[in-house]
Amino acid sequence: MYIQIAKRARVYVTNEQLKFIDKYGKHESFRNTDLDVSEINTAKILADKSVLVRKKLNEGVQYALNRYIRFVDDGSKK
């Protein structure tokens, strides 16, 4: 599945990353201390793809879902 982060910019999201977004997307924000060890790596990858917004704090990192993203179907290319 693709996520559109800007008008002409899309990023591919795996099923594991999509499950992570479904799990934590309803939260306004969450910290890396709230996550499991495997989820921390997924959060870093999604922040690098601009799906999550990260804010560095004195004691860790705070993440939030980017408000401007849209989910886009894969669609078959001709």
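This is a predicted model: local features need pLDDT of at least 70, side-chain atom pairs count only at pLDDT 80 or more; totals for chains, interfaces and linings use all residues.
Q: What box do the C-alpha atoms fill?
A: Taken along the principal axes, the box is roughly 50 × 25 × 20 Å.

Q: And what share of the residues is buried?
A: Of the 78 residues, 31% count as buried. Buried means under 20% relative accessible area, exposed means over 50%, and partly exposed lies in between (1.4 Å probe, protein chains only).

Q: Let us turn to the sheet. Which strands form it, and in what order?
A: The open sheet consists of 3 strands in the order β2-β1-β6, with antiparallel pairing. Two strands pair if DSSP finds at least two bridges between them.

Q: Why is one side of β2 and of β6 left without a neighbour in the sheet?
A: Both strands stand at the edges and each has a single partner strand, so one side of each has no neighbour in the sheet. On average, neighbouring strands here are turned by 40 degrees against each other, direction ignored. Axes are lines fitted to C-alpha atoms, for helices over the stretch in contact, and angles run from 0 to 180 degrees between N-to-C directions.

Q: How many bridges join β1 to β2?
A: Strand β1 (residues 2–6) is joined to strand β2 (residues 9–12) by 4 bridges. The two strands form a hairpin with 2 residues between them. Q4 has R10 as its bridge partner in β2, and Y2 has Y12.

Q: What about the bridges between β1 and β6?
A: There, 3 bridges join β1 to β6 (residues 70–72), and the two run antiparallel. I3 stands opposite F71 in β6.

Q: What else does I3 touch?
A: Leaving aside neighbours within four places in sequence, I3 is in contact with several residues, including A9, V11, I21, V51 and I69. Contact means heavy atoms within 4.5 Å.

Q: Which residues have the most contacts inside the largest nonpolar core?
A: They are I3, F20, F30, V51, L52 and Y63, in a core of 17 residues. A nonpolar core is a set of buried Ala, Val, Leu, Ile, Met, Phe, Trp, Tyr and Cys residues joined through side-chain atoms within 4.5 Å.

Q: Which element gives the most to this core?
A: Helix α1 does, with 4 residues.

Q: Which residues of α1 are buried, then?
A: In α1 (residues 15–24), the buried residues are Q17, L18, F20, I21 and Y24. They cover an arc of only 155 degrees around the axis, which puts them on the same side of α1. The arc is that of the directions from the helix axis to the C-beta atoms. On the other side, N15, E16 and K19 are exposed.

Q: Why do residues three or four places apart point the same way in an α-helix?
A: An α-helix has 3.6 residues a turn, so residues at that spacing point the same way.

Q: Changing topic: is N66 buried or exposed?
A: N66 is buried, with a relative accessible area of 16%. Its place is in the loop between β5 (60–65) and β6. The side chain of N66 reaches the backbone nitrogen of Y68 at 3.1 Å. Beyond its neighbours within four places in sequence, N66 is in contact with S50, V51, L52 and V53.

Q: What is the phi of S50?
A: S50 has a positive phi of about 70 degrees although it is not a glycine. S50 is found in the loop between α2 and β4 (52–57), and is partly exposed with a relative accessible area of 35%.

Q: Last one: where does I69 lie?
A: I69 lies in the loop between β5 and β6 and is buried, with a relative accessible area of 12%. I69 and K7 are 62 residues apart in sequence and 9.9 Å apart in space, C-alpha to C-alpha.

Methods:
Residues are numbered from 1 along each chain as its sequence is written. Side-chain values use heavy atoms; hydrogens and water are left out. A polar contact is a pair of N or O atoms within 3.5 Å; within protein, one must be able to donate a hydrogen and the other to accept it, and residues adjacent in sequence count only if both atoms are side-chain atoms.
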